[in-house]
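The following paragraphs lead the reader through one protein chain, element by element. Please keep the sequence and the structure in view while reading.

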Amino acid sequence: MGRNHKGGSKSSKMTAAVLAHYGHECHLRLAGCTYVATTRDHIIPLEHGGEDTIENCLPACRSCNSKRQDRNLAGTGARIIIVTGPPAGGKTTWIREHAGLADVTIDLDALARALMPNPLDQTHVYPPHIKTLAVAARQAAIGKAQRLYTPCRVWLIKALPTPKELAEWRGNRWPIIVIDPGREVVEARCQAERPPDWQQVVARWYDQHRDPTMQAATRINPARPDDATPTPPPVSQASKHRELTSTSTPGLQPSRPW
Ligand SMILES: [Zn+2]
């Protein structure tokens, strides 16, 4: 948080240590980002129990750092919910069954298809330039969603988030839902519906989710945010919905078709 970077030599020493450790590139990339980090951003804010350590800090430019603080304080606007899980795990279907009429879904597959005049059904394979445009559209939508003042829910789909993304999402206190119908179901679906190399993506997803902090995550039903009792998932009885705790260590490695 901005105010913690000012003053004391201890504070500037920690900022220098964070920049030396992670580099000088801003990790937040909000609107108005200068990309050159001169401050340290606390992944878990100090007022929420985060520590002033290298592990709990990432480099941020001054503009993003103060924006993030403002947004945390405002507490209004879009509620962004991350939906992750193995390929063909039923993420899109699950969101469809839980979303309200004014909700937003940010989904790379859907964006890529929207950019093609004649999308093939269910290929999940796109030319590189389509991918490039879809990724740019996704980033633009996320950036805009973060600055919405309209109260709404934004479901953000990402099968294999990078550690950097997880750190940012946790820092922003966005809930993370894991949709996982089980490895056998996913492998069978991929065999039937996806190109052959997707089995590798499935394998990678399950390897990365052996992380005990991911397994210990709690189950939630985001359709009923006030309901303390998790309800069985509607897509498949075997589905597992878990909220990753904000203190868990990122267990995912950068990879993934997208
Ligand atoms: Zn920035």
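Why is strand 3 (residues 78-84) largely enclosed by the rest of the structure? Six of the seven residues of this strand are buried, and strand 3 is therefore largely enclosed. The model in which this is seen is a predicted one, and the descriptions below should be read accordingly.

The secondary structure consists of nine helices and seven strands. The chain has 258 residues, of which 30% count as buried. Of the contacts between residues at least 6 apart in sequence, 75% join residues at least 24 apart.

Strand 3 has partners in two other strands. Strand 5 (residues 152-157) is joined to strand 3 by six bridges, and the two run parallel. Within this pairing, alanine 78 is placed opposite cysteine 152 of strand 5. Strand 6 (residues 176-180) also runs parallel to strand 3, and three bridges join them. Here isoleucine 82 is the residue that stands opposite isoleucine 176 of strand 6.

Leaving aside neighbours within four places in sequence, the contacts of arginine 153 are with Arg79, Ile81, Gly100 and Asp103. Glycine 100 is 53 residues away from arginine 153 along the chain, yet their C-alpha atoms are separated by 8.2 Å.

A related case is alanine 99, which is located in the loop between helix 3 (91-98) and strand 4 (104-106). This alanine has 17 C-beta neighbours inside 10 Å and therefore counts as partly exposed. When residues up to four places away in sequence are not counted, alanine 99 touches Thr105 and Trp155. From alanine 99 to tryptophan 155 there are 56 residues in sequence, whereas the distance in space is 8.4 Å, C-alpha to C-alpha.

The account now turns to strand 1 (residues 39-42), both faces of which are covered. Thr39 and Asp41 lie on one side, Arg40 and His42 lie on the other, and all are buried. Strand 1 runs antiparallel to strand 2 (residues 57-60), to which four bridges join it. In this pair, histidine 42 stands opposite cysteine 57 of strand 2.

What does helix 6 (residues 163-171) pack against? The buried residues of helix 6 pack against strand 1, strand 3 and strand 6. These buried residues are Leu166, Glu168, Trp169, Arg170 and Gly171. Just after helix 6 comes arginine 173, with a positive phi of about 60°.

Positive phi values are found in two loop residues as well. Tyrosine 35, in the loop between helix 1 (9-22) and strand 1, has a positive phi of about 70° although it is not a glycine. Tyrosine 35 is exposed because 11 other C-beta atoms lie within 10 Å of its own, and 12 or fewer is the condition for that class. Alanine 88 belongs to the loop between strand 3 and helix 3, and its phi is near 60°, again a positive value in a residue other than glycine. Alanine 88 has 23 C-beta neighbours inside 10 Å and so counts as buried.

The last part of the tour concerns a pair of helices. Two packed helices are described by the angle between their axes and the distance between the axes. For helix 7 (residues 183-193) and helix 8 (residues 198-208), the axes come within 9 Å and cross at roughly 165°. An angle over 145 degrees counts as roughly antiparallel, and helix 7 and helix 8 are therefore roughly antiparallel to each other. Their crossing is right-handed. Which residues of the two helices meet? Helix 7 contributes Arg183, Val186, Glu187 and Cys190, and helix 8 contributes Trp198, Gln199, Val202 and Tyr206. Of the residues in this contact, five are nonpolar, one is polar and two are charged.

Methods: Residues numbered from 1 in each chain as written. Predicted model: local features only at pLDDT ≥ 70, side-chain atom pairs only at ≥ 80, totals over all residues. Buried ≥ 20, exposed ≤ 12 C-beta atoms within 10 Å, placed from the backbone. Contact = placed C-beta atoms within 7 Å. Pairing = 2+ DSSP bridges. Axes fitted to C-alpha atoms, helices over the stretch in contact; angles between N-to-C directions. Parallel < 35°, antiparallel > 145°, perpendicular 65-115°, else oblique. Left-handed = near helix turned anticlockwise from the far one by under 90°. Nonpolar A, V, L, I, M, F, W, Y, C, P; charged D, E, K, R; others polar.
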